[in-house]
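Reader: Before I rely on the labels attached to a model, I like to ask what stands behind each of them. Could we go through them one at a time?

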Amino acid sequence: MADRESILVVDDDLNTLKMVEQFLLIKKYDVTTCLTFRDALRELGKGSFSAAVIDYFMPDTTGLKMMKAFHKIDPELAVMVLTASRDIKIAVETIKQGAFHYLVKPVDPDELYINLDKAFKNRSLVLENRRLKLDLQDKYKFNDIVGESGRMMEVFEMTMRAAKVRSTTLVIGETGSGKELIARAIHFNSDRAGGPFIGVNCSALPESLLEAELFGIEKNVATGVDARIGKFEAANNGTLFLDEIGDMSPATQSKVLRAMQEREIERVGSHVSRKVDIRIIAATNRDLAKAIEEKEFRQDLFYRLNVLMISLPPLRDRSGDIPKLIDHFLAKYSSENKMNLKEIDPEAIAKLMEHHWPGNVRELENSIERAYVMCDEDSIGVRHLPAYILNSTGAAPFAPVSSGPTAEAGGALEDMVNDYERGLILSALEKNDWKQNRAAGGMGISERSMWYKIKKLGIEIKKGSSKGG
Ligand SMILES: Nc1ncnc2c1ncn2[C@@H]1O[C@H](COP(=O)(O)OP(=O)(O)OP(=O)(O)O)[C@@H](O)[C@H]1O
Ligand SMILES: [Mg+2]
């Protein structure tokens, strides 16, 4: 610990106050002393203390009240209570309520030092844990969700709005388009972030098991089934993520609807209602309007779920995001596996932008991982991509017409690739102050092939350009 620990001492008895102060100064702690509760509160509000040593009996308050007030300002403040020997019961009660320890008057300095030491170690563990938890939450902050296309901007804006309220939210989108990622982002950016995020896949289980999974089950002596709490209860004070809700049976749908309306559930085999405080986010890749028409999904449940709706665009409709996603997954893969960061050839990027991506971002992520494994060089090329991507024509066999660029004729494709390559080279040159060798290095190509591409693509070299840098 770089800084000296600061300790606040509060006692209405000047002698005790001075004595404790002396003890602490010997150990080179920063000490602030107060004779009254009011002064103590003011001091605490001004600076940050690691610990407080407080007298239990004060003219204007008790140690317990004082501690509670201190903890409102700093929940991690280690509080030590000073009592007379006959008040041990009171001291123990204070500990139950959150005091770190008590010391019997007259204060024994060694006991004081040992307990302060323990308190500081404990405090730094708590703070470290909290930091780790925040790091974990950061994972689901927006910087890990890649997307700059207009449709994704709309998604981010809705996600932010959803995070500010507790309204039920429906996330729709094709498989692998990022529904769970968005659901987690909503939770971890909401005031429920400290509570649990509990996901349940409604399509993975048969009806009877799903109900026990959702609502829990009461102990049944006859069948020997043990009691178990369900996901609704487990998500209390947090968020329940009902994934693949479109695949839920009509009977379970009515039970979920009831639970959402009443905000209470009954475990299977029990008639006791239990209150739950949860925020629900549901997701599906099914067309719910069609499912309602076909009487497979309850319309009233749909209205309950669809208070806020976030619709994720398929990757093929935002292929402009593909290069950024590729960079993101290359960085993620190399850092997870502690391997060198690899580059990727413009030709390979162009190939990936052409693909139809029925499996959306998940499919892209898997392709990048595979290419990484297959590539022994520093730069991933077309030959490292999965064969089915290389053979893809750009349009999916049965896919709906996409609004993104399509490549029908061979000539059009070549133009698109050239355009794209030109854009990449121009931006590499601009980034590298028009130094061709540096831009070539950055793109993982030789200087010679950079020169060739500049000629072939008719790129005009600007400013004080040079071959060297
Ligand atoms: N915009 C994005 N930026 C970065 N990674 C993303 C993005 N969208 C999705 N991913 C990644 O793609 C993978 C699939 O995302 P996710 O599981 O959220 O999809 P899903 O829509 O829930 O899929 P499914 O319908 O199959 O359950 C995850 O590894 C996720 O981290
Ligand atoms: Mg999912």
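Author: What follows takes the labels in turn and sets each against the value behind it. Please keep in mind that this is a predicted model.

Reader: What does the protein chain contain overall, in helices, strands and buried residues?

Author: The protein chain has 19 helices and 18 strands, and of its 469 residues 31% count as buried. Among contacts between residues at least 6 apart in sequence, 70% join residues at least 24 apart.

Reader: Why is Leu35 called partly exposed?

Author: Leu35 has 17 C-beta neighbours inside 10 Å, whereas a residue is buried at 20 or more and exposed at 12 or fewer. The count for Leu35 falls in between, and therefore Leu35 is called partly exposed. Leu35 sits in the loop between β2 (30–34) and α2 (37–46), and, neighbours within four places in sequence set aside, Leu35 is in contact with Asp12, Leu14 and Leu17. Val10 is 25 residues from Leu35 in sequence, with 5.8 Å between the two C-alpha atoms.

Reader: What makes the phi of Arg263 worth a remark?

Author: Most residues other than glycine have a negative phi. Arg263 is not a glycine, yet its phi is positive, at about 55°; this residue lies in the loop between α10 (250–262) and β13 (264–266). Asn360, also not a glycine, has a positive phi of about 55°, but Asn360 is found in helix α15.

Reader: Is Asn360 buried or exposed, and what makes it so?

Author: Asn360 has 22 other C-beta atoms within 10 Å, and because the condition for buried is 20 or more, Asn360 is buried.

Reader: What kind of peptide bond joins Lys105 and Pro106?

Author: The bond between Lys105 and Pro106 is cis, with omega about -5°. Most peptide bonds are trans. Pro106 lies in the loop between β7 and α5 (109–138).

Reader: Why is helix α7 described as largely enclosed, and what of helix α14?

Author: Eight of the ten residues of α7 are buried, and so α7 is largely enclosed by the rest of the structure; among them are Lys179, Ile182 and Phe188. In helix α14 (residues 346–354) seven of the nine residues are buried, so the description applies there as well, and the buried residues include Pro346, Leu352 and Glu354.

Reader: How do you know that both faces of β6 are covered?

Author: In a regular strand the side chains alternate between the two faces of the sheet. In β6, Ala78, Met80 and Leu82 on one side and Val79, Val81 and Thr83 on the other are all buried. Strand β3 can be read likewise, with Ala51, Val53 and Asp55 buried on one side and Ala52 and Ile54 buried on the other.

Reader: What makes β3 and β6 a pair, and which other strands pair with them?

Author: Two strands pair if there are at least two bridges between them, and five bridges join β3 (residues 51–55) to β6, the two running parallel. Within this pairing, Met80 in β6 is the bridge partner of Val53. On β3, strand β1 (residues 6–10) is joined by four bridges, again in parallel, with Val9 opposite Val53. β6 also pairs with strand β7 (residues 101–104) in the parallel sense over four bridges, where Thr83 has Val104 as its partner. β6, helix α4 (residues 88–96) and β7 make a right-handed β-α-β unit.

Reader: Which residues come nearest to ligand 1, and how is its shell made up by class?

Author: Of the 16 residues around ligand 1, Val146, Gly178, Lys179, Glu180 and Val361 come nearest. The shell has four nonpolar, eight polar and four charged residues, and α7 (179–188) and α15 (360–374) each supply at least two of its residues. Domain 2 (150–311) and domain 3 (315–390) each contribute at least three residues to this shell.

Methods: Residues are numbered from 1 along each chain as its sequence is written. Chains are lettered from A and ligands numbered from 1 in the order in which they are written. This is a predicted model: local features need pLDDT of at least 70, side-chain atom pairs count only at pLDDT 80 or more; totals for chains, interfaces and linings use all residues. Two residues are in contact if their C-beta atoms, placed from the backbone, lie within 7 Å. A crossover is right-handed if, with the strands pointing away from the viewer, the path from the first strand over the helix to the second runs clockwise. A residue is near a molecule or strand if its C-beta atom, placed from the backbone, lies within 6 Å of it. Ala, Val, Leu, Ile, Met, Phe, Trp, Tyr, Cys and Pro count as nonpolar, Asp, Glu, Lys and Arg as charged, and the others, Gly among them, as polar. Domain bounds come from an automatic or database domain assignment.
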